[in-house]
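Student: Could you walk me through reading the contacts between chains, and then the folds behind them?
Tutor: Gladly; let us look together.

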Amino acid sequence: MAAPRAPFVGRPMLRREDRRLLLGEGQYVADLVLPRMLHAAFVRSPLAHARIRSVDLSRAAAAPGVAYVLSGMQLAQLLPPVPDHQVALPGKWRTTVKHHILNPQQALLAADKVRHVGEAYAVVVAESRYAAEDAAALIEAEFDPLPAVIDPEAALAPGAAIVHEQFGTNLIAELSAAKGDAAGALAQAPHRLARRFHHERYAALPIECRGVVSEYDRRTQSLTTWSSTQVVHWVRREVAATLGMPEARVRCVALDVGGGFGIKGHVYPEDLLIPFLAREIGRPVKWIEDRHEHLMCSCHSRDQIHDVEIGFDDTGRILAFRDRFLADSGAFNPIGSGVTYNTIAHLMGPYRIDNFAAEARVVATNKVPNAPYRGAGRPEAALATERAMDLVAGALGMEPAEVRRRNMIRPDEMPYKLGIVYRDGEPIVYDGGDYAGALDKALAAVGGLAAFRERQKAARAQGRHLGLGIGCYTEGTGAGPFEGATVRIEPSGKIYVAGGACPQGQGMETIFAQVVADAWQVDIDDVVVTLADTAAIPMGFGTVASRSTVTLSAAIHHASDRLREKVFAIAANLLECGPQDLELRNGTVGVIGVPDMAVPLAKVAQAARPGWDHGRPAGIDAGLEDTYYFEPPTVTWSYAVHAVIVEVDIGTGGVRLDRYAVAHDCGVVVNPMLVEGQIIGGTVQGVGGGLFERFAYDEEGQLLTGSLMDYLAPTASDVPDIALVHLHSPSPLNPLGVKGLGEGGAIAPPVAIANAVADALRPFGAEFNSTPILPEQIVRSAQQGASRWPK
Amino acid sequence: MAEPVTIRLTVNGEAREGRCEPRKLLADFLREDLGLTGTHVGCEHGVCGACTIHVNGEAARSCIMLAAQAEGAELRTIEGVAENGKFHPLQQAFHEKHGLQCGFCTPGMLMVALDFLRHNPDPTEAEIREAISAVLCRCTGYRDIVRAIAAGAAAMRKTAGPG
Amino acid sequence: MKPAQFEYHAPATLDAAIALLARHKGEARPLAGGQSLLPMMNFRVVTPAAIVDLNRIPGLAYIRAEGGTVRIGAMTRHRQVEFSPVIAEKLPLLAEAIRLVAHLPIRTRGTMGGSLAHADPAAELPMVLQALEGEVVARGPGGERTIKAADFLRGMLTTSLAADEILTEVRFPATPPRARCAVEEFSRRRGDFAIAAVAAVIERDGNRCVKARLATAGVGPASIRLRDAEAILERDGLGDDAVDAAAAKAAATVEPQSDQQGSAEYRRHLTRVLAARAVRRARTVQ
């Protein structure tokens, strides 16, 4: 009998997903071909804000290859209004947090007004996408243009055009949270700073755009929809509601998904419209979003303006932090208060701040709707707080790292009650971590602070400008409300696991096989994982908010615990012993200390069957399956420190990243190779936000970044190798001790880079309080010593 | 309505034929007419590189080529890289070094890397980064792709032998 | 997006191609590498009634050094230029600039003729044409003509080619061995179009600047020669003061646009910085 084998959890197992993806045998929604399938093309608004006077589909309907045309006005007659599908707010949050939220509902196709460039108001379905686009060009629409609401501050001014007239205002939400007495503490603080920080709009840019294929089956009156989505159960629920069908008759599947990063994490109008068209026309319908569409209709993110006041003493201790900010929601707000309250919840970061107040106002504008994207409100918070920390350091002539240390919560203060609640309504409690330790490690990984200052001095003497910047954050992960797992042991002895998570590249087929293999002491190849399919498990939540490793592992753990009791009861019956004498070993259930007395799991599964000659003891029902819905008590807290050294060319404004390090803690790690991939990937997306990526609109609401020539994502030449240092403070909130990490990498880079560039240009007295940092801004700052780039 | 064109070409060593509108993009022709969906479309702007294939041995972006331009050409797509289901050393390296996450850019990355390594079989990290700046990846942050290509190049040099 | 419909022709001879262009009276576009044309067609920004595919016409891709001239066929791919020992030896400015053109997979398809005929204001090859005082050969229904660089580039995406003319060859005088070249380009990412670029060819004799040629990309509707800056160098030499004065003059000469990537003022500033850097690098004695 072999010694207990090494656990799979913690090992850098190679991925099961790789084989098909490397061979070009992955199946993404665009690859799906169904008999008699038709292709949809949307007609999208060229104007930012206008009333739709008329839409003439006649020429399009007569075009070659066209099967069906539909305008928003017509759809309004065919389908009842869309039910509210924003994320529900927990009662505990609603009763604790001051808020006022209006919910503008988005029509599946715009009928009365268009509210952003790119909003669809008609759709053509034809034999090919080519033919559909030809026909779409024949649709004649008449618009009465309205003034475009582009600047969120102007949107709140009296006399501004109103995006959603039924509200009479563009202020669609207000939220606030506070602790202590920020106003009083500010007034009494020995020093005060006030600044505005602007985190501009950018987004996920997955290389696979969105896409939906739907097929209605007349025989069973059921519908299957394949969507490049992160939330199959939510899509299924909304499709069923919209089409007036029972959920049991709707199946939603996500095939291989080419990146999501949050913006595929909610239900889009196309998710509901394509199923409607499939049923209406009686043939499968495919819609694949192209990149140009994607940039103007898949959700954007970030886009917050923060007015921060910070009070501090001579030692750099933060006495008060007050932040009033605007969130530019765009034309709709699919996730309601989610992103904005996330910002509020993360503003205090890893710091001890006794007096805190944050007030958010969410503003509707004529831009693409704003939804969560990797970080989801946390990068905006980090920009405000971490720039403020550097400004405090500058005011006192202290090292920025020193100001951090002065204010960081210490490990011996854990668990630390922050004093405000999280999005789930639970009081925020930091559950472990060594923030200053992470700071030390990140600085060491870029060569050390003292060594850098020497290097910087020598470079300055040669007319070269190097700078060091840091960005620290905490991150609530593994949010509820729940995730589901079904664990079933097949008569073959294989363990079958289904879960509500929806992968988009994270390696979940591998990660959860590792977790299950350990839970059942089987070989990893004896685990079968099914995800992203509503037919596999009745209820699921999906993959957003860095939650799947935490919540699905826990659900698997609890389901396995319950199932194990049944397995031991049946095995005990077969082995004629007591269940308390048994253990799992190598795919069998055996008597502890007796190597020869064991029964394979396959035999237990066979014995569990119903019918004659089963092997179950009295009182044990048939079947060997358990489904558990894990409801996390609250979020568990990851954290990290990013450190970056930049070289700035003040002649051109170019920024080169010289070194980059991340010191990161996500608790217990299931697969270290995959964890590193997530952190590096997130970090480079963050670098994008710091130096390259921005959605720009002109005053008429025209999107200036409508192609990949204008919207610039980082390439391999734009980023250096990134050093990673790992810390481990296991989570006390779930059986495995894991924490989430999917988003973290993207949180700190914009502010770390801003801090680094400011450090490089310290002789010029330059500040960088917005993202991305543009070359021209740097040149002007160096020329003028100006503090803000006038936009 | 334009006259359809017949296109005869070789794909992954096999003679293939198709008939389509002259405006049909080569990427769509491969995916729809020839059923080779391993080549992915990420932009149609000619920027993201996910659609990269080999045309007459050289990397090219299939979303900005007409299918008609491939008449008489020899194409290689991702489906033609492995041999009888056995990974090419570069694919094996991607697997071992975690050079892919969602897999959508991966065929483009591999095709660019294969062409690049033909001319530069022992590249530096900077040279690899420059070569693959032709393909956008959102998942990996590039580090593990660079390591995979370096490892794949080493394995390929070993198989190629000295001289 | 998918392109709009068009008639497709793939003639086997140059004359057939020219006849097709003439027949379509300006509504047809020649297709060379397609690396600029296809994206525009995919956006339906350009919707030609017909495409005349030049790729089946033999004999249009070559690199020949003849006497003091290098002749490059219009269908020569960038990649062939990149790997050509003749170019490396005789046109070092082109050898340097070609590596800045986009990325490897674009360079396998993009052509010299296509890039010049497209005349993107931020592209590197029109700048090289100016800096090396090259000329192009165009053939139309009326026969063949040679067009000098300065007469060829007329404005934003505009050349003096007629709608029924095809560019067949580009000619450059071979760069004398004593000349030094440098391209200084600033772009947001490696391989992007230039926000600003200056190409410099400097021939020096001791401290004298015998000949200076400076050309731009990205800082105006078309690439231009910085003749006044050149004159300063040729008159005052290659010392730091002269270089700075020439660079300042270069900045005053250009007429850049403001756009998303930068304001006109910033581009003027870049012109000054990059001109100085290009000349400084080019003046280095080997």
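Student: Which residue of chain B does Lys2(C) form a salt bridge with?
Tutor: A salt bridge here is a side-chain nitrogen of Lys or Arg within 4 Å of a carboxyl oxygen of Asp or Glu. Lys2(C) meets Glu44(B) in this way, with the closest N and O atoms 2.5 Å apart. Between chain B and chain C the count is six salt bridges. Before we go on, please note that this is a predicted model, in which local features need pLDDT of at least 70, side-chain atom pairs count only at pLDDT 80 or more, and totals for chains, interfaces and linings use all residues. Residues are numbered from 1 along each chain as its sequence is written, chains are lettered from A and ligands numbered from 1 in the order in which they are written, and side-chain values use heavy atoms, with hydrogens and water left out.

Student: How many residue pairs are in polar contact across the interface of chain B and chain C?
Tutor: A polar contact is a pair of N or O atoms within 3.5 Å; within protein, one must be able to donate a hydrogen and the other to accept it, and residues adjacent in sequence count only if both atoms are side-chain atoms. The rule finds twelve such residue pairs between chain B and chain C, both residues at pLDDT 80 or more. On the chain B side, the elements that give two or more residues are strand 3 (52–55), strand 4 (58–61) and helix 3 (106–119). Helices (H or I, at least four residues) and strands (E, at least two) are DSSP runs, numbered from the N terminus. Helix 3 of chain B gives the largest share of that side, five residues. By class, the side of chain B that touches chain C has 17 nonpolar, six polar and ten charged residues. In this scheme Ala, Val, Leu, Ile, Met, Phe, Trp, Tyr, Cys and Pro count as nonpolar, Asp, Glu, Lys and Arg as charged, and the others, Gly among them, as polar.

Student: What area do chain B and chain C bury between them?
Tutor: The size of an interface is often given as the accessible area lost when the parts come together. Here buried area is the accessible area (1.4 Å probe) that two parts lose on being put together, summed over both. For chain B and chain C that comes to about 2700 Å², with 56% of it on carbon and sulfur atoms. Arg23(B), Ile64(B) and Gln69(B) supply 24% of what chain B buries against chain C, more than any other three residues. In terms of contact (heavy atoms within 4.5 Å), 33 residues of chain B touch 31 residues of chain C.

Student: And how many residues of chain B are in contact with chain A?
Tutor: There, 48 residues of chain B are in contact with 56 residues of chain A. The area buried between these two chains is about 4200 Å², and carbon and sulfur atoms give 57% of it. His45(B), Arg138(B) and Arg143(B) supply 20% of the area that chain B buries against chain A, more than any other three residues. The rule finds five salt bridges across this interface. The side chains of Asp31(A) and Arg31(B) meet in a salt bridge, at 2.8 Å from N to O. Helix 1 (26–33), helix 2 (89–96), helix 3, helix 4 (125–132) and helix 5 (143–160) of chain B each supply at least two residues to the side that touches chain A. That side divides into 18 nonpolar, 15 polar and 15 charged residues.

Student: What pattern does chain B follow along the sequence?
Tutor: Chain B has five helices and five strands, in the pattern β-β-α-β-β-β-α-α-α-α.

Student: How do I read a sheet, and what order do the strands have in the open sheet of chain A?
Tutor: Strands of a sheet pair through backbone hydrogen bonds, either parallel or antiparallel. Two strands pair here if DSSP finds at least two bridges between them. The open sheet of three strands in chain A has the order 5-2-7, with antiparallel pairing. Its edge strands are strand 5 (113–114) and strand 7 (140–145), each pairing on one side only. Six bridges join strand 2 (residues 50–56) of chain A to strand 7 of chain A, and Arg51(A) has Asp144(A) as its bridge partner in strand 7.
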